[in-house]
Amino acid sequence: MNENSNNQNKKPRFSLSWIYLVVAAVLGYLFFTGEGKDFGGTAKEATYSEFQEYVDSGWCSRVLINQREGKLKMFVAKGHERDIFHRNVDPNHDAYLDVLCPDEGIQPYIDKLNSDSTYLAHHGKVKVEYEQSNNTLTNLLWQFLPFIGLIIFWMFIMRRVGGGGGGGGIFSVGKSKAKLVDKKTGPKVTFQDVAGQQGAKQEVQEIVEFLKNPKKFTELGGKIPKGALLVGPPGTGKTLLAKAVAGEADVPFFSMSGSDFVEMFVGVGASRVRDLFRQAKEKSPCIIFIDEIDAIGRARGKNPSMGGNDERENTLNQLLTEMDGFGTNSGVIILAATNRADILDKALLRAGRFDRQIHVDLPDLSERKAIFQVHLKNVKTDDTLDIDFLSRQTPGFSGADIANVCNEAALIAARHDKKFVSKDDFIAAVDRIIGGLEKKTKVMTAEEKRTIALHEAGHATISWNLQYANPLVKVTIVPRGRALGAAWYLPEERQITTKEQMLDEMCSLLGGRAAEEIFTGHISSGAMNDLERVTKQAYSMIAFMGMSDKLANLCYYNNQEYSFQRPYSEETARLIDEECKAMIAEQYERAKRLLLEKKEGHAELTQLLVDHEVIYAEDVERIFGKRPWVSRTEELLEANEQLPQSDNELVSQSDDSETASQFDNDESKG
């Protein structure tokens, strides 16, 4: 048995090189046997006496003499081809005779014929041309160049189809492109490398225990979930968490993106799914990780009339079949990640496939501190750096954002030739990431500068004197990016938000436009960003959250991706518009009343901005007094003894609770 198997292994394997050799051999045979010489026309060999006979008969149009090779070609005059070849020839190509050149006497012989008036009258003049160079190689190239080009183009296409020439050519197009990470091929990632995400770690810990000790569950009749779906915003560490699961369980890890399954060829995606699960069964127990699974897991048949990607749906069907339990997939666990779980097919999320959805949310205060500790291991910092301060300064930041802050701070310190990264570098890094590059060279008139100062001071005045508005920390009128001014706040990290809190935030956003109208008598384009946010929030409160008197407790939210019809009538749409206008108008009048009450403090704050361009919380507190309300963030900090309090530390507010600043964009000027 062993000898037979060895003999079978020694047999040559099929290769595309065989085809190339066969094609080259056929072409060489045609050329050297004379079969391929007549590609450019009709040819025949003749003796010198026959040549003279044909010329005397007037069947020659011109003569081409190659002195180096000692050869002569006689081109047949049109209409006399049948007299020489005794058959019909292609009229679009020249017909000629290959004649051995006798000696130098050929020229006198032709001159004698051309001087004979009788010959000229019947047959015309015979032209004589000389060819000095050897054009055999040129003729060979012109004959075989098209075939060589076709072969090269074919080889290029085969290699591209085969994934860049990586094994098997076109025959490997249906193979899985998953990257295998195990003990030998990659670094081991554990839960210690994943900072924060304690809830998500607890969810996946059960998967790790099953892979380490499956008997613990099977003896009691339990079955581990076949799949777990990691859902969360971008940059929260979903891929890193999946790698940590494989590292903790110490099993092979197949990593693949959802877009790697879909190609231009029909059936390739389904073939790659089958090949992926085949490899996984061979490496069992193992983990299959599919990143951005929404590329193939999008809900099917949403709008067939607009044309769908049948190849993507076939790939999804094959994935559902492989996960459905028809095969023996014991020991193979599937992890997938997406930030768009709402568009996934329901069949993919049912029990027995992706049984669990693990939410990987943005890190909170303590988790941001842990993430900073991980990313600051390789950064040279000085004694002034306070990690608690950095974690408070970056609300709404994801793990990727925090890594970017640490890297940007190191670059800023290196740009200023520092030996260590200080607290000021991190503050500058956060400002740079949030607002863009500071543009100190942008020229503004005194009137424009005062208008921007009035606008920003309006935000600061309103937010400081409203209970539920986010407390102000820093205001600047130095342009950054497209923004002419910016205001940083300390947003409260709430789990739920009440109607009163939203109304206070809307009033604070409208404070800039209200200040312009009251104290300058005109309005500008600087409030465009404020108005956009206020309008979106008002429509969300009325149409989605039911926070309206006339449309109380009604939600018209529709998550159908291809729905072209609103879930309400035209009359309801008109009512929603009226309620939004009334809500915004009420908060705008409220902001104007509050600004008129605090106009002395607002004027003083405006002058500080004009003089210094940047003001901080202590300046606002000195003018308006200390805020009588304690925010929820301050309550959490008091409850956490590990995080010291600081009233005047620089922090920033997110526009949509995911970034970390509020800006007033001036589209016409910025």
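Here is a short walk through the aromatic rings of this structure, with a stop at one lysine. The model is predicted, so local features need pLDDT of at least 70 and side-chain atom pairs count only at pLDDT 80 or more, while totals for chains, interfaces and linings use all residues. Residues are numbered from 1 along each chain as its sequence is written, and side-chain values use heavy atoms, with hydrogens and water left out.

Let's begin with the rings. F253 belongs to strand β8 (residues 253–257) and F289 to strand β9, 36 residues apart (strands are DSSP runs of E, at least two residues; helices are runs of H or I, at least four; both are numbered from the N terminus). Both F253 and F289 are buried (under 20% relative accessible area; exposed is over 50% and partly exposed in between, with a 1.4 Å probe and protein chains only).

Another pair, F544 with Y557, is edge-to-face, at 5.5 Å and 85 degrees. Because F544 lies in helix α22 (residues 528–544) and Y557 in the loop between α22 and α23 (570–597), this pair ties together parts 13 residues apart in sequence. F544 is partly exposed because its relative accessibility is 38%, whereas Y557, at 53%, counts as exposed.

Finally, the lysine: K283 sits in the loop between α11 (268–282) and β9 (286–291). Its C-alpha atom is 6.9 Å from that of P252, 31 residues away along the chain.

Notes
Rings of Phe, Tyr and Trp (its six-membered ring) pair if their centres lie within 6.5 Å; planes under 30 degrees apart count as stacked, over 60 as edge-to-face and the rest as tilted.
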